[in-house]
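Let's take a walk through this model, starting with its rings and then moving on to its helices and core.

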Amino acid sequence: MDEMTFQTNGLMMQLAEIRERQAANEAARATASSLTEVGKVEAEDEQIAMALWSARMSCRVMPDTPPEEIVPILAVRVADAGAHFFKDKPKVDGHAKWCSEVERHGGPSIDPDWLRAYMTDHLAGRERAIDAIVQQAMVIRDGRVIPPGGVLMDVDTGKPIRTA
């Protein structure tokens, strides 16, 4: 973890702590002998899943983010983009919404169907090389913000960005 940006270093430290909890929980699962103990292990599983979700949702993807973390972070972001909490709202395609957000932030144009297939392959264990365009899109999306008022701004400098 040497020579990483502080954002990536922080993410990797968080993930290491969560993985330690996961390992301890798996050990507890192996020795659980009552329904109460199994229930505690399952409750901890839920807390671990939420901790992973939170770490991946709140991190900032940087050019040095490890490739093995790109697709899990992307999966959380796409799921969140498609989330809806009200019954009267139409369901949103998270892939399409995420791709359009990237474009709005000045990133590359990515086809939602291609992104869906790309993620499905990775999450099903059919490893592919991390696409540079996907990582670039995530870095651009995380490095820019559109505050109320609609002007695209750089997160680090606070200066407006002009897109081509």
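How many aromatic pairs does the rule count? The count comes to 1 aromatic pair, where rings of Phe, Tyr and Trp (its six-membered ring) pair if their centres lie within 6.5 Å. Before we look at it: this is a predicted model, so local features need pLDDT of at least 70 and side-chain atom pairs count only at pLDDT 80 or more, while totals for chains, interfaces and linings use all residues. Residues are numbered from 1 along each chain as its sequence is written, and side-chain values use heavy atoms, leaving out hydrogens and water.

The pair is Trp114 with Tyr118, 4.9 Å centre to centre with 15 degrees between the planes, which makes it stacked (planes under 30 degrees apart; over 60 is edge-to-face and the rest tilted). Both sit in helix α5 (residues 112-123), 4 residues apart, about one turn of the helix. Tyr118 is buried at 1% relative accessibility, whereas Trp114 is partly exposed at 30% (buried is under 20% relative accessible area, exposed over 50%, partly exposed in between, with a 1.4 Å probe and protein chains only).

Now follow Val134. Apart from neighbours within four places in sequence, Val134 is in contact (heavy atoms within 4.5 Å) with Ile70, Leu74, Trp114, Leu115 and Tyr118.

Next, find helix α3 (residues 67-81) and helix α4 (residues 94-104): their axes come within 7 Å and cross at roughly 105 degrees. That makes α3 roughly perpendicular to α4 (65 to 115 degrees). Leu74, Arg77, Val78 and Ala81 in α3 meet Gly94, His95, Lys97 and Trp98 in α4.

Methods. Axes fitted to C-alpha atoms, helices over the stretch in contact; angles between N-to-C directions. Helix = DSSP H or I, 4+ residues; strand = E, 2+ residues; numbered from the N terminus. Parallel < 35°, antiparallel > 145°, perpendicular 65-115°, else oblique.
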